[in-house]
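Please read this briefing alongside the sequence and the 3D view. The points are grouped by topic.

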Amino acid sequence: MQRKRIIHSTTYLYSEPVEFGPHRALLRPREGHDLRIIDTRLTVEPEATIRWLRDVEGNSVAILTFPHKADRLKILAEIDVDVSDDNPIECLIDPQSRLFPFQYPPEEQVELVPYRLPSYPYDGRALHDWLRELYQPGQIVDTFQLLCQLNTHIFHSLQYAARDTPGVQLPHQTLSLRSGSCRDYAVLMMEAVRHWGFAARFVTGYIQMEAGQHGATHAWTEVYLPGAGWRGFDPTNNKLAGAEHISVAVAREQEKAAPLSGSWSGPGHAYQGIEVSVQVVAVD
């Protein structure tokens with residue numbers, strides 16, 4: 001068990017006071033057998049009314065309502081968590097699913113249908129062509145090895161590029177540009193494994209970096225494997241999601257897992273920019 005502290009600060013800057021609509025914040029990690037929240041502190045400027053709900057995926061969502069105008073919006077979350085390592089994936093996959101292709105058990109197929117449907121069906125041809133060098137229809141291959149090869153292939157064949165603009169690139173755009181951000185990588189892997197028939201979902205959260213480094217929120221992909229459950233693959237870093245990854249929200253599509261979303265009203269020129277800082281540090 002490892003104790004970690006997450007410090008996540010997001011500040012939106014404006015040249016004059018503007019009116020903020022309700023905002024939706026995904027900042028609280030997903031608790032479970034591998035993560036337990038010890039303490040959490042949420043500070044919001046300007047003053048806001050905060051209420052919490054569980055969305056359809058079971059994510060903890062803070063709904064922020066602002067009664068007054070302001071020229072900046074700052075949200076600071078400080079969270080202490082205990083994180084444990086889980087068992088190796090390949091040892092847990094059901095024997096009948098260790099070779100691909102396989103069929104999901106009948107008792108799980110209905111729940112998994114939404115996660116197997118592509119979010120970008122028109123990108124199917126581009127994905128099909130790109131994936132042929134990893135897998136040809138009719139082959140029988142090791143399931144875990146295939147997923148790891150895809151994770152590595154994305155890491156080696158694309159160039160990472162940080163992007164502050166909202167949204168993601170379509171999979172065919174990422175392949176054409178041969179570059180993308182972590183969320184572009186996550187969407188590409190999610191759509192690629194869905195093309196093969198796997199159930200997959202988008203994950204947003206945090207990753208522990210080197211001491212003293214300030215990062216941003218991170219994104220990766222989870223794939224459902226019979227016997228092993230939802231397992232994370234991080235193509236940005238060519239890693240399996242482990243104790244250094246802290247999941248905050250999962251969704252079938254990345255738009256529903258944005259760390260912060262909302263609206264504001266005011267002159268079009270008022271928006272000046274955004275400042276984001278994330279630190280994940282070990283706590284003695």
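Strands β12 (residues 218-225) and β13 (residues 229-234) are antiparallel partners joined by five bridges; two strands count as paired if DSSP finds at least two bridges between them. Helices (H or I, at least four residues) and strands (E, at least two) are DSSP runs, numbered from the N terminus. This is a predicted model, in which local features need pLDDT of at least 70 and side-chain atom pairs count only at pLDDT 80 or more, while totals for chains, interfaces and linings use all residues. Residues are numbered from 1 along each chain as its sequence is written, and side-chain values use heavy atoms, with hydrogens and water left out.

- The open sheet has five strands in the order β14-β13-β12-β11-β15, with antiparallel pairing.
- Its edge strands, β14 (239-240) and β15 (245-251), each pair on one side only.
- In the loop between β13 and β14 sits Asn 238.
- Asn 238 is a residue other than glycine with a positive phi, near 55 degrees.
- Asn 238 is partly exposed at 28% relative accessibility; buried means under 20% relative accessible area, exposed over 50%, and partly exposed in between (1.4 Å probe, protein chains only).

**Helix α3 and its cover**

- Gly 124, Leu 127, Trp 130 and Leu 131 are the buried residues of α3 (residues 124-131).
- These residues lie on the same side of α3 because they cover an arc of only 135 degrees around the axis; the arc is that of the directions from the helix axis to the C-beta atoms.
- Among the elements covering the buried residues of α3 are α4 (143-157), α5 (171-177) and α6 (182-196).
- Arg 178 is in the loop between α5 and β10 (179-180).
- Although not a glycine, Arg 178 has a positive phi of about 60 degrees.
- With a relative accessible area of 46%, Arg 178 is partly exposed.

- β4 and β5 (residues 60-65) pair in the antiparallel sense over six bridges.
- Trp 52 has Ala 62 in β5 as its bridge partner.
- Five residues separate β4 from β5 in a hairpin, and Gly 58 in the turn has a positive phi of about 85 degrees.
- Ile 38 belongs to strand β3 and is partly exposed, with a relative accessible area of 33%.
- Ile 38 and Asp 80 are 42 residues apart along the chain, yet their C-alpha atoms are separated by 5.3 Å.
- Beyond its neighbours within four places in sequence, Ile 38 contacts Arg 3, Asp 80, Val 81 and Asp 82.

**Pocket and cavities**

- Rolling a probe the size of a water molecule over the atoms shows where empty space is left.
- On a 1 Å grid over the protein atoms alone, a cavity is a set of points where a 1.4 Å probe fits but cannot get out, and a pocket is an open set with protein on both sides within 12 Å along at least five of seven lines; lining residues have an atom within 4 Å of a point.
- The largest pocket holds about 1,400 Å³ of space; grid points are joined across faces, edges and corners, and a volume is the space filled by probe spheres set on the points.
- Of the 47 residues lining the largest pocket, Arg 163, Asp 164, Arg 183, Thr 217 and Pro 259 lie nearest its centre.
- Elements giving two or more residues to this lining include β1 (2-20), α6, β12 and β18 (271-282).
- Residues lining the second largest cavity include Leu 27, Arg 28, Trp 52 and Ile 79.
- β3 gives the largest share of that lining, three residues.

**Cis peptide bonds**

- The bond from Glu 45 to Pro 46 is cis, with omega near 5 degrees, and Pro 46 lies in the loop between β3 and β4 (49-54).
- Phe 100 and Pro 101 are also joined by a cis peptide bond, with omega about 5 degrees.
- Pro 101 is in the loop between β7 (99-100) and α2 (106-116).

Notes. Contact = heavy atoms within 4.5 Å.
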